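Reader: I'd like to go through this model with you and ask where the labels come from. Can you put it up?

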Amino acid sequence: MAQTGHTENSTTHHTKHSVTMRRTLRREAPSTIGLLADAQDFAAMRRYRTFAFDDHTVYLQQVESLLKALAAQGVHTTVALFDPEDYAEFCAESGLDADTGASRSRFTAEIAAAGATVAYTGQRLSDLIPVLVSRAVRQATWEYATLLLADLGTCADCGQDIGRAAFDRASHLLMRLLEAAGPGTHHLVCSTPTENDQLLAVLHTHRDTAGPARLDSAEGAEFATVLAVAIALESRGGVVLRTSAPDSPDRVHGWRLAHGALAPLTAGEVFNAYCTDADTGEPVSPESGVEYCAGFDIGADPAEPHR
């Protein structure tokens, strides 16, 4: 009997130890939630029998509760946008049944690997969603711009890859612009039309009195890629720089892209660009505490033309 009791105690100890180990592993295994942030996307998923929700507001509340529960367990969780159209295409290409939770889970893992995710750190879901949407738009813009550059081929004159040459040129212009902008907190916007869309890239940087500008490498690459598209396609690209510094009004400068260079706009042109509604063309009141200034020479090297 004593031997049997010892065996039972050993088995119980082993079971408890296994449960503890699994809990430890669970805390160290990251999670990703595919979020239907838009009511229209949510409605599209309701056609699947295994999709259990029928109210978008309740669904968002349940997602937020799940995020809080995972955080309380010490699980690192990221959120990705779940697109029903992309999901249907993914299942069709992969030969998966779209009406299963396993397929939805697999698709969520795929979109998380693409990088357009936001880490949950306890913020409200209403605060997380705009950041997530913005990140997804940035990702899509960068992917589209990259494909445009990759399809341009080689220069008929020198044999150089046109997309790579345009990106190198854009990187040079960006570095010269940041150098010439001087100290302060800088907000840059680059926009350029393409055949299918208006591409837009945003870059935030800060530069102290001494030292180079500090910028996010991913944002910098995205900005340079959109600028490179404008250079390569010789489209009507433009760049706007807004600089903030303590105890002084914000200054706004602007440039248009011309022959692979940034040509400064006049103060009047910058004012008109900032104080005109892009959709309606109607005037917009100028911001208080903002100076609309001409663009300045950024001291960039001359551009080499490519065909």
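Reader: Why is Phe 51 called buried?

Author: Buried means under 20% relative accessible area, exposed over 50%, and partly exposed in between (1.4 Å probe, protein chains only). Phe 51 has a relative accessible area of 12%, so it is buried. A word on ground rules: this is a predicted model, where local features need pLDDT of at least 70 and side-chain atom pairs count only at pLDDT 80 or more, while totals for chains, interfaces and linings use all residues. Residues are numbered from 1 along each chain as its sequence is written, and side-chain values use heavy atoms, with hydrogens and water left out.

Reader: What makes Phe 51 and Tyr 59 a tilted pair?

Author: Rings of Phe, Tyr and Trp (its six-membered ring) pair if their centres lie within 6.5 Å; planes under 30 degrees apart are stacked, over 60 edge-to-face, the rest tilted. Here the centres are 6.3 Å apart and the planes sit at 50°, so the pair is tilted. Tyr 59 is buried too, with a relative accessible area of 5%.

Reader: And what makes the pair of Phe 82 and Tyr 87 tilted?

Author: Their ring centres are 5.1 Å apart with planes at 50°, so tilted again. Phe 82 counts as buried at 4% relative accessibility, and Tyr 87 at 0%. Ring pairs also link Tyr 48, Phe 82, Tyr 87, Phe 90 and Phe 107 into a cluster.

Reader: Which residues of helix 4 are buried, and how do you know that they are on the same side?

Author: Helices (H or I, at least four residues) and strands (E, at least two) are DSSP runs, numbered from the N terminus. In helix 4 (residues 84–94) the buried ones are Pro 84, Tyr 87, Phe 90 and Cys 91. They cover an arc of only 115° around the axis (taken from the directions from the helix axis to the C-beta atoms), which puts them on the same side. An α-helix has 3.6 residues a turn, so residues three or four places apart point the same way. The face turned away from that buried side carries the exposed Glu 85, Ala 92 and Glu 93.

Reader: What caps the N-terminal end of helix 4?

Author: Asp 83 does: a side-chain oxygen lies 2.9 Å from the backbone nitrogen of Glu 85. Just after helix 4, Gly 95 takes a positive phi of about 70°.

Methods. Polar contact = N/O pair within 3.5 Å; in protein donor to acceptor, adjacent residues only side chain to side chain.
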